[in-house]
Amino acid sequence: MLFLEIAVVALAVSASAFGIFLHFWSKRKIADLEADILKLQEKGVNVQMDSLLQTARTPGQKEA
């Protein structure tokens, strides 16, 4: 029984750590997308940043 409790706690901790990792990975990818859009705009390509970023962001994310 103790082994099962330890396994459940370990699983919960790893799931939480994975969720935190995905959160920061997503923020990094959005920052990369913003940088790419700015590079394209500097080269004269007409890109609507707001419309692209709205589709890339999840509903719970806000601009930082």
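Just after H1, glycine 44 has a positive phi of about 95°. Keep in mind that this is a predicted model, where local features need pLDDT of at least 70, side-chain atom pairs count only at pLDDT 80 or more, and totals for chains, interfaces and linings use all residues. Residues are numbered from 1 along each chain as its sequence is written, and side-chain values use heavy atoms, with hydrogens and water left out.

**Exercise 1. Work out what the protein chain is built from, and check the span of H1.**

Step 1: count the elements. You get two helices and zero strands; these are DSSP runs numbered from the N terminus (helices are H or I with at least four residues, strands are E with at least two).

**Exercise 2. Find the salt bridge and place its two partners.**

Step 1: search the whole structure, and one salt bridge turns up (a side-chain nitrogen of Lys or Arg within 4 Å of a carboxyl oxygen of Asp or Glu).

Step 2: name the pair. Arginine 28 bridges to aspartate 32, with 4.0 Å between the closest N and O atoms.

Step 3: look at the spacing. Both sit in helix H1 (residues 2-42), four residues apart, so about one helical turn separates them. In general, an α-helix has 3.6 residues a turn, so residues three or four places apart point the same way.

Step 4: Arginine 28 is partly exposed at 42% relative accessible area, and aspartate 32 is partly exposed at 33% (buried is under 20%, exposed over 50%, partly exposed in between; 1.4 Å probe, protein chains only).

**Exercise 3. Describe what surrounds tryptophan 25.**

Step 1: look for rings. Phe18, Phe21 and Trp25 make up one aromatic cluster.

Step 2: look over the ring face. Arginine 28 lies there, 4.8 Å from the ring centre of tryptophan 25 (the cut-offs: NZ of Lys or CZ of Arg within 6 Å of the ring centre and within 35 degrees of the ring normal).

Conventions:
Rings of Phe, Tyr and Trp (its six-membered ring) pair if their centres lie within 6.5 Å; planes under 30 degrees apart count as stacked, over 60 as edge-to-face and the rest as tilted. The expected span of a helix is 1.5 Å times one less than its number of residues.
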